[in-house]
Amino acid sequence: MDAIILQILNGLDKGSAYALIALGLTLIFGTLGVVNFAHGALFMIGAFCAVTVQRILTLSYEVVDETQTDFLGNPLKVKVPYVESWFGPETGAAIIDWAVPLAILFAIPIMIAIGFIMERGLIKHFYKRPHADQILVTFGLAIVLQEVIKYFYGANPIPTGAPDVFRGSFDFGVLLGFDPNAIIYPYWRLVYFSFAALIIGGVFAFLQFTTFGMVVRAGMADRETVGLLGINIDRRFTIMFGLAAAVAGLAGVMYAPINSPNYHMGMDFLVLSFVVVVVGGMGSLPGAVLAGFLLGILESFASMNEVKSILPGIDQIIIYLVAIIILLTRPRGLMGRKGVMED
Amino acid sequence: MSKSNFTRRGVLKTGAMSAGGLALPTILTAASHAGYTNAPTGSTVTLGFNVPQTGPYADEGADELRAYELAVEHLNGGGDGGMLSTFSSKELDGSGILGKKVEFVTGDTQTKSDAARASAKSMIEKDGAVMITGGSSSGVAVAVQGLCQEAGVIFMAGLTHSNDTTGKDKKANGFRHFFNAYMSAAALAPVLQKLYGSDRKAYHLTADYTWGWTQEESIAAATEAMGWETVEKVKTPLAATDFSSYIAPVLNSGADVLVLNHYGGNMVNSLTNAVQFGLREKQVNGKNFEIVVPLYSRLMAKGAGENVKGIHGSTNWHWSLQDEGSKAFVKSFGTKYGFPPSQAAHTCYVQTLLYADAATRQARSTPVALRKHWKGLNSTVSATARHCIAPTITSASKMFWWCAGKKTQHPSSTFLKWSKSHLRHRSPMPPITRCLPVVNWDHVTPAHNRAA
């Protein structure tokens, strides 16, 4: 029982990342009709926003310390971050410690801007082209973005820690009456899950309760009619692209402490997120979220040793297996609507 | 009388012809004759540096390339000469290899076997490289080694830790300087016993490919021999990025040690995840929970940041070693690039010098001659023991070894002794290997002498 609860918890945070990326993908697909293979790269750029903020905050000047020597025997150059010399060592260290949460503020405008540039600069030229062209061009863009990041940040993962308060893990088992250590869960992953829930709730509320959201939803249902009503739907869709980019970026920022960001982390999530979108139903936002969490939890279960001993290698194929079964029984996905991608 | 066509003479004739036909391709390769397809012509010798320039190990590849450039500089008489002056052999005098200037070409392995083979092939055929070296993965090493064997050029392996590279998948033209999983296990076990005692329960998470399997096998065997119990061995997919679902059940399994048989990105992520779960602050069976990462790379460890503090692992070499060869290398590398070299850089630098030294001494840079040269150092050596020879022919990598938990400076001749006894036993690995630097990665600047 405790093992099952443990894997459900584990699935939740993995599912959060899938859901956030899939949500952005579905937003773009639903509004602009473009299959955006560069979405994983946006997630990755988000994580590198956290790295960048950390780098900016730790910008340092060098002080030569005569009492210590470096590996060649020369006097050691000690790096002192500017932040620490401006605000005092304690406040400075605290600011650096909170680099990842601070990066959220930095990432939102950056990601929206990148989304705008991507849509206006490249993707809009491909609206009238077949889906295969769109996939090729966005996939190419993803590779370009990866290489740009690698050029500036290198190929190795860069440690980007969560604030000290969130280190360690929470003992859920004790709360539920199990033995200590039976069900433990890192604090930061709890934060990640709550953050994802907040963002998902925010996007749905935005689409459901604002006039802007209503127009966008109308546009998703019938673009031509909305256009004929004199509404500039294209501009709203561009804004939605920026929003989707920001969602992916924020997912990336908060993911940075979970796994040290590297340049190909986007690709690791991209394929799975596509499966999530297809399983959830192309163009269905609730479907994407539901499928994200569902597949995240299933993947966690499949990596249990008890399951793996019966079905070796199941942890690598479970998502695709479930995708096949769902598409065979419900060809439009869990919550897919009729008419999407069917003309 | 049966009218069969199978006469004794006929069978012999056909047999000889087909045997000749089968042997034909090998006759055309260099291994069977002294002159050889890529023999250096003109006034230069070209070496092929095949390192990951793109892909996840690109940073390690960049460090390998720095070391290669330094080695070429030293061979050609540039810089401060680095390790050359510390060699017992004085053959290398800065005049290149056999008086020919050393030049190099580079290839990108991408840490993919097919790409690595393609780039090695192009360097051999197009650029006339007479030796191929480098790489950051055992899979690539095995693939390129096979290609070099076919092409009749020497392969000086870069970073490869699998037992199989010079065991199951050995090739006559392949030489290794880097250590292997068996050696890691043998070096680590006594240190782990000293630190954590003999009554421990270990839980293995293992990258699901050749290197991971051999390391898991070696570590489990060595720790079980000293009384540890192996609770569980779980294979994790190589492509895995989030290890939380593999790590979460560890605490509840009754294990009090987690062994991470992971490398590169896998290692960074699994270690980060394990630390996030707070495993290292936990108490199990009345003991502190411990994590062991048998193979460490300083470059990779940077990715795990603070998480590596106080975790033990083994490494082929570390820049803080105080022997003359290491000091000279660290000094030239540090002066040129401004930071200390990695173990990958060290292996690649040493491999280049080893090749040059052997080629110069043998006066003919053909694989056959080289093999003879290296064999000459140990008349009974066979291919199985070859990986012990490389460190023998020079004192370049003489360093402090951990011998059953005691620090000694190892006489290089010991390798020869052991490889002979190994030959008698025909075990896949020589029993030399209690002797390796075991490190405690405090502050990512391990002090190997602090482990005890």
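**A tour of chains A and B**

Begin by selecting both chains: 38 residues of chain B are in contact with 34 residues of chain A, two residues being in contact if their C-beta atoms, placed from the backbone, lie within 7 Å. This is a predicted model, in which local features need pLDDT of at least 70, side-chain atom pairs count only at pLDDT 80 or more, and totals for chains, interfaces and linings use all residues. Residues are numbered from 1 along each chain as its sequence is written, and chains are lettered from A in the order in which they are written.

Next, select on chain B helix H2 (58-75), strand E7 (229-236) and helix H10 (324-337), which are among the elements that each supply at least two residues of the side touching chain A. Helices (H or I, at least four residues) and strands (E, at least two) are DSSP runs, numbered from the N terminus.

The C-alpha atoms of chain A fill a box of roughly 75 × 50 × 35 Å, taken along the principal axes. Of its 343 residues, 46% are buried, that is, 20 or more other C-beta atoms lie within 10 Å of the residue's own, with C-beta atoms placed from the backbone.

Finally, select residues 39-57 of chain A, helix H2. Because 14 of the 19 residues of H2(A) are buried, the helix is largely enclosed by the rest of the structure.

Notes:
A residue is buried if 20 or more other C-beta atoms lie within 10 Å of its own, exposed if 12 or fewer, and partly exposed in between; C-beta atoms are placed from the backbone. The expected span of a helix is 1.5 Å times one less than its number of residues.
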